[in-house]
Amino acid sequence: MDARSGEILFSENAETRLHPASLTKMMTLYIAFEAVEHGEITMDTMVTISKNAAAEPPSKLGLRSGQKIALRYLVRAAAVKSANDAATAIGEAIEGSEAAFARRMNRTAKALGMTRTTFKNANGLTSEGHLSTAHDMGILGRHILYDYPGYYNLFSRRTTDAGMREVANTNRRFLAAYKGADGIKTGYTRAAGFNLVASAERGRERIISVVFGGTSTAARNAKSAELLDLGFKRAATNVALRRPAKPPYMGRVGGGAEMLVASAETGDSGLRGKSIRVAAAAVTKSLRPQIRPGVTSSDVAPLVAGVEDDINSVLESVQVAAVAPAVSEAPEPIDIATVAEAMVVAEGDTGIAPDSSIKPVRRPQAMALVSAPAQTSAPVVAAPEPAAVAVASAEPEAQEVVTRVSTSGGRHWGINVGRYPSRYAAEKVLLQTALMETATLDGSLRKVVDRSGGFDANFMGLTRETADLACRRLQARQVTCFMIGPS
């Protein structure tokens, strides 16, 4: 197969259903990469090994029942050593049981276009009905290459640290012998014979070959080399890259939209040793947020203005107030320098430095006008609110005090909607959640925090009541979050 286009360059018995053996682990790893990408689990998640996984026959890593090991080591062991116990443990960690994981494997195979494949387990050990074809495995190999290129290097490692020990690649002989070879996966059982999905790149060309039923490792490798040579000979040099369409993410098999992931030692004192619930269901339709009745676009997004804008706002408010009966009919003109000086006084009263970089948010509904009795002594600026701004007229007998209600509104709370392995994944979930829950998250700040154990997806700038309501509404949508208090 020409990996760039998916074109079949040569085939023989490619649609015959046979035992795939450990080629099965390609699908196990594909789903593991998918689960990590969508926040179901992380590479640092500590997986508890079950009796079922520990009892798997060789090839195996030697895992013990009750042992805890990071998912990344299980992935390495399955990809490089082809460890059966590691593959089973991966399936159980993601779906809860190997049977449920097999259902997810079959659902994913169908989405990838693998029409003649049926999986019964996560490792490829011989089981009745556990069958695939050379064509289907070529499709899967191509999807691994292009759907998760960041993980593809696993398949070319000659050795790797699997947590318990260093393990060697089952495909190391072919990787060393064939120019340009960089993967992908071997497989062997008595029922299947010697299988290999191989990929090699030379210049602009990349070819994928699949061999089922080799009589020995040497015979299988020789046939794979023959097929790759044929592919490079027949493939055109300049072929436009047409990546395969990545299947839609559908989450867990059991219909549950969330799963409990035991966190590793993340280094975050607030989360260490606890469990993190993360969303496993994807937003399949991107809905545009709707404007709520009675709310204009100017009310939706907060406007951050500079000091000069605030002075102008105050002046406009004073001018409007001059027409109202409750205010003096002929106020003296307000000088901008006087207003600026008054603002500095107010800032001094509240303990805010005059050169503070914190800029107030313009909120017309928060403006209030109050009159003050004439004073014979120096004007006293009233500042009942923490962010009060006072404006005094030039004549003491016509003094007016303009106050603006604090714009903070106690918006020091936030919510966390999960920890993810990459900044991109966290930002993607934040966007999806914001589109899903516009009623309470409108105007909040989407913030990704880099932690030692991953990237936290947070919404900040909420009141405590709004944060609590947002969490409850998200929980009703099967997205679990927790509140973040003022720090």
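The entries below go from the whole chain to single residues.

**Ground rules**

I am working with a predicted model, where local features need pLDDT of at least 70, side-chain atom pairs count only at pLDDT 80 or more, and totals for chains, interfaces and linings use all residues. I number residues from 1 along each chain as its sequence is written, and side-chain values use heavy atoms, with hydrogens and water left out.

**Entry 1: the whole chain**

I began with the secondary structure and found 14 helices and 17 strands in the protein. Here helices (H or I, at least four residues) and strands (E, at least two) are DSSP runs, numbered from the N terminus.

Next I looked up burial: 46% of the 487 residues count as buried. Buried means under 20% relative accessible area, exposed means over 50%, and partly exposed is in between, with a 1.4 Å probe and protein chains only.

The protein exposes about 23700 Å², and carbon and sulfur atoms supply 52% of that area. The areas come from the Shrake-Rupley method with a 1.4 Å probe, and for residues only the protein chains shown count as cover.

I then turned to contacts (heavy atoms within 4.5 Å). Among those with a separation of 6 or more, 67% are between residues 24 or more positions apart.

**Entry 2: α1 against α6**

How do the axes of α1 and α6 cross? I find that the axes of helix α1 (residues 24-37) and helix α6 (residues 134-147) come within 10 Å and cross at roughly 30°. For the record, axes are lines fitted to C-alpha atoms, for helices over the stretch in contact, and angles run from 0 to 180 degrees between N-to-C directions.

The crossing of α1 past α6 is left-handed; that is, the near helix is turned anticlockwise from the far one by less than a right angle, whereas clockwise would be right-handed.

On the α1 side I noted M26, M27 and Y30, and on the α6 side M137, L140, G141, H143, I144 and D147. Sorted by class, this contact has 6 nonpolar, 2 polar and 1 charged residues. The classes are Ala, Val, Leu, Ile, Met, Phe, Trp, Tyr, Cys and Pro as nonpolar, Asp, Glu, Lys and Arg as charged, and the others, Gly among them, as polar.

**Entry 3: the disulfide**

Which cysteines are joined by a disulfide? C471 is joined to C481, with S to S at 2.1 Å. The rule I used is a pair of cysteine sulfur atoms within 2.5 Å, and the count by that rule is 1 disulfide. A disulfide is a covalent bond between the sulfur atoms of two cysteines.

C471 is in helix α14 (residues 464-476), while C481, 10 residues apart from it, is in the loop between α14 and β17 (482-484). Both ends are covered: C471 counts as buried because its relative accessibility is 5%, and C481 is buried because its value is 8%.

**Entry 4: backbone checks**

I went looking for cis peptide bonds and noted one that joins P58 and S59, with omega about 0°. S59 is in the loop between α2 (51-54) and β2 (68-70). Another cis bond joins G183 and I184, with omega about 15°, and I184 lies in strand β5 (residues 181-189).

Then I checked phi. A21 is not a glycine, yet its phi is positive, at about 55°. A21 lies in the segment before α1 and counts as buried because its relative accessibility is 0%.

S82 also has a positive phi, near 65°. I located S82 in the loop between α3 (71-81) and α4 (84-95), and S82 is buried at 5% relative accessibility.

F10 lies in the segment before α1. Is F10 buried or partly exposed? At 38% relative accessibility, F10 counts as partly exposed. F10 touches L227, L230 and R234, residues up to four places away in sequence not being counted.

T160 is in strand β3 (residues 159-161) and is buried at 4%. What does T160 contact, leaving aside neighbours within four places in sequence? I listed R76, V80, R165, E166 and V167.

A99 is in helix α5 (residues 98-112) and is partly exposed, with a relative accessible area of 49%. A99 and K120 are 21 residues apart in sequence and 7.3 Å apart in space, C-alpha to C-alpha.
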